[in-house]
Amino acid sequence: AVVSTQSTGSLLNAFVYSNKMEKAFIFDIHPKIFVATDNCNPFEMHTYELCCDVLDLISDFVCIYQDGEAADHMTWSTIKLTDCRLHLRQINRTLALICIQQAADCDVSHAGILEYNFQLLKDGIHRVLEVANM
C-alpha cells in the first residue's frame with residue numbers, strides 16, 4: 001500500500017497531539033517497515049525496534065489463535081509496560097498503527113475517546129489510500 005507521507009503525517013501529528021502519545025507509526029506489517037510517522041517527537045531507533053517486537057508478538061498470537069490465518073482489520077492490542085503503553089490497531093490487511101504512550105499520560109477514563117480517535121485516524125488513512133489509488 002502506498003501511503004501519502006504528507007497527508008498521513010498530518011493525521012498522525014493530530015492524533016499524537018490530541019491523545020498525548022509519545023510517538024505513532026504506521027507499519028507495513030509483514031516486512032515490518034514503517035511507512036509513516038508523526039514529527040511531534042524525534043525518531044529513535046530503540047522505539048522502532050520496540051514496535052517491531054510488538055508486531056512479532058502479535059503475529060505469533062494471531063497465528064496461534066486464528067489457525068495460522070493472517071491478522072484481520074480487527075486485530076488490536078494494548079501492552080502495558082513499566083513506563084509506557086504500546087497500542088497496536090490494525091488498519092487493513094497490510095497496515096497497522098503502533099503508538100507509544102507514557103504511563104503518566106494514560107488515563108483509563110479516556111479509553112473510549114482514545115478508541116474513537118483510533119477509528120477516526122483509521123478512516124482518514126483509508127481515505128488517503130483511496131485517493132492515492134485513483
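A: Let's start at lysine 20, which sits in the loop between helix 1 (5–19) and strand 1. Helices here are DSSP runs of H or I with at least four residues, strands are E runs of at least two, and both are numbered from the N terminus. Keep in mind that this is a predicted model, where local features need pLDDT of at least 70, side-chain atom pairs count only at pLDDT 80 or more, and totals for chains, interfaces and linings use all residues. Residues are numbered from 1 along each chain as its sequence is written, and side-chain values use heavy atoms, leaving out hydrogens and water.

Most residues other than glycine have a negative phi. Lysine 20 is also exposed, at 54% relative accessible area; exposed means over 50%, buried under 20%, and partly exposed in between, with a 1.4 Å probe and protein chains only.

Lysine 32 counts as partly exposed, with 24% relative accessibility.

Five strands make it up, open and antiparallel, in the order 2-1-5-4-3; two strands pair if DSSP finds at least two bridges between them. Strand 2 (33–37) and strand 3 (76–80) are the edges, each pairing on one side only. From one strand to the next, the twist averages 20°. Helix 2 (residues 45–65) packs on this sheet, touching strand 1 (23–28), strand 2, strand 3, strand 4 and strand 5 (95–102). Contact means heavy atoms within 4.5 Å. The direction of helix 2 makes about 50° with that of strand 1; axes are lines fitted to C-alpha atoms, for helices over the stretch in contact, and angles between N-to-C directions run from 0 to 180 degrees.

Strand 1 pairs with strand 5 over six bridges, antiparallel, and lysine 23 stands opposite isoleucine 100 there. Strand 5 is mostly covered, with seven of its eight residues buried. Seven bridges tie strand 5 to strand 4, leucine 88 faces isoleucine 98 across that pairing, and a hairpin of four residues joins the two strands. Helix 3 (residues 111–132) lies across strand 1, strand 4 and strand 5, at about 45° to strand 4.
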